[in-house]
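Have a look at the model first.

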Amino acid sequence: MKRLLMALVVLTGLIGAGGAVWAQDLNKGMEAYKSGDYVTALKEWRPLADQGNADAQRSLGYLYYFGEGVTKDYAEALKWYRKAAEQGDTRAQFGLGFLYYYGKGVTQDKTEAVKWFRKSAEGGYAAAQQRLVRLYADGDVVTKDYAEAVKWYRKAAEQGNAEAQQLLGRVYEDGAKGVLQDLITAHMWYNIAVANGQRDSAKYRDRAADKLTPSELVEARERAKRCRASGYKDCD
């Protein structure tokens with residue numbers, strides 16, 4: 001699970017600022033990385049990282065974290081994540097928070113971790129938003145606050161994150177975690193999650209459907225269509 005979370009840091013949205021020349025070398029590094037040639041990936045990314053490219057800095061952080069093409073070194077991973085994070089790179093901010101949370105390469109500091117998770121989440125990174133959901137739902141580091149957890153569920157769901165969409169459906173179906181029970185809305189989010197590949201949401205969607213009247217079911221389906229068509233801007 002930890003490896004999957006950290007993989008999100010490098011394998012999503014690699015190309016950012018830096019222009020066509022940087023993008024070309026970044027792509028070369030990514031192609032090498034995908035083929036398992038971590039040494040070449042490192043060779044392509046390091047000069048860009050030294051020049052201040054946040055994407056390359058974040059990618060070096062990932063290589064050092066897992067010891068791919070280099071000796072595993074959490075402190076070095078922390079250094080590169082921090083460089084990218086301080087430039088506003090949301091994936092690096094998430095990675096930096098991850099290291100602080102688990103005390104890898106640095107003294108464990110969950111308060112500092114939350115700070116970086118929040119920066120990443122506010123920048124729109126869904127993995128960080130989901131991390132805040134868990135923290136607020138469990139009262140881990142922060143005061144337990146289901147309403148705040150639901151807020152971050154929704155932000156992640158509105159970015160198309162199918163897992164968050166399913167979980168948000170569960171929240172509305174249960175009506176016990178910061179929101180009133182709303183089976184129409186629950187069905188809508190389950191339906192959207194299914195459409196986005198979260199297959200096990202189908203059983204929850206069908207369970208919610210059994211509790212709806214025919215007219216309510218029509219409304220739920222229409223809202224799901226409208227929500228997706230609007231890019232999650234018209235979901236109420």
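This is a predicted model: local features need pLDDT of at least 70, side-chain atom pairs count only at pLDDT 80 or more; totals for chains, interfaces and linings use all residues.

Residues are numbered from 1 along each chain as its sequence is written, and side-chain values use heavy atoms, with hydrogens and water left out. Helices here are DSSP runs (H or I, at least four residues), numbered from the N terminus.

**Helix α7**
- E112, A113, V114, W116, F117, S120 and A121 of α7 are buried, meaning under 20% relative accessible area with a 1.4 Å probe, protein chains only.
- Their cover includes α5 (74–85), α6 (90–102), α8 (126–138) and α9 (146–157), going by contacts, that is, heavy atoms within 4.5 Å.
- D109 caps the N-terminal end, with a side-chain oxygen 3.2 Å from the backbone nitrogen of T111.
- After α7 comes G124, with a positive phi near 100 degrees.

**Helix α11**
- α11 (residues 183–195) also gets its 18 Å: that is the reach from first C-alpha to last over 13 residues, close to the 18 Å expected.
- Eleven of the 13 residues are buried, so call this helix mostly covered.
- The cover over those buried residues includes α9, α10 (162–174), α12 (201–209) and α13 (214–229).
- At the start of α11, a side-chain oxygen of D182 gets within 3.2 Å of the backbone nitrogen of I184.
- G197 follows α11, and its phi is positive, near 100 degrees.

**The α4–α5 pair**
- The axes (lines fitted to C-alpha atoms over the stretch in contact) of α4 (residues 54–66) and α5 come within 8 Å and cross at roughly 165 degrees.
- That makes the two helices roughly antiparallel, a label for angles over 145 degrees.
- Residues in the contact include Y62, Y64 and Y65 of α4, and Y74, W80 and Y81 of α5.

**Q129, a buried glutamine**
- Q129 sits in helix α8 and is buried, with a relative accessible area of 2%.
- The Q129 side chain reaches the backbone nitrogen of A156 at 3.1 Å.
- Leaving out residues up to four places away in sequence, Q129 touches A121, G124, W152, K155, A156 and Q159.

Technical notes: Buried means under 20% relative accessible area, exposed over 50%, partly exposed in between (1.4 Å probe, protein chains only). A polar contact is a pair of N or O atoms within 3.5 Å; within protein, one must be able to donate a hydrogen and the other to accept it, and residues adjacent in sequence count only if both atoms are side-chain atoms. Axes are lines fitted to C-alpha atoms, for helices over the stretch in contact, and angles run from 0 to 180 degrees between N-to-C directions. Angles under 35 degrees count as roughly parallel, over 145 as roughly antiparallel, 65 to 115 as roughly perpendicular and the rest as oblique. The expected span of a helix is 1.5 Å times one less than its number of residues.
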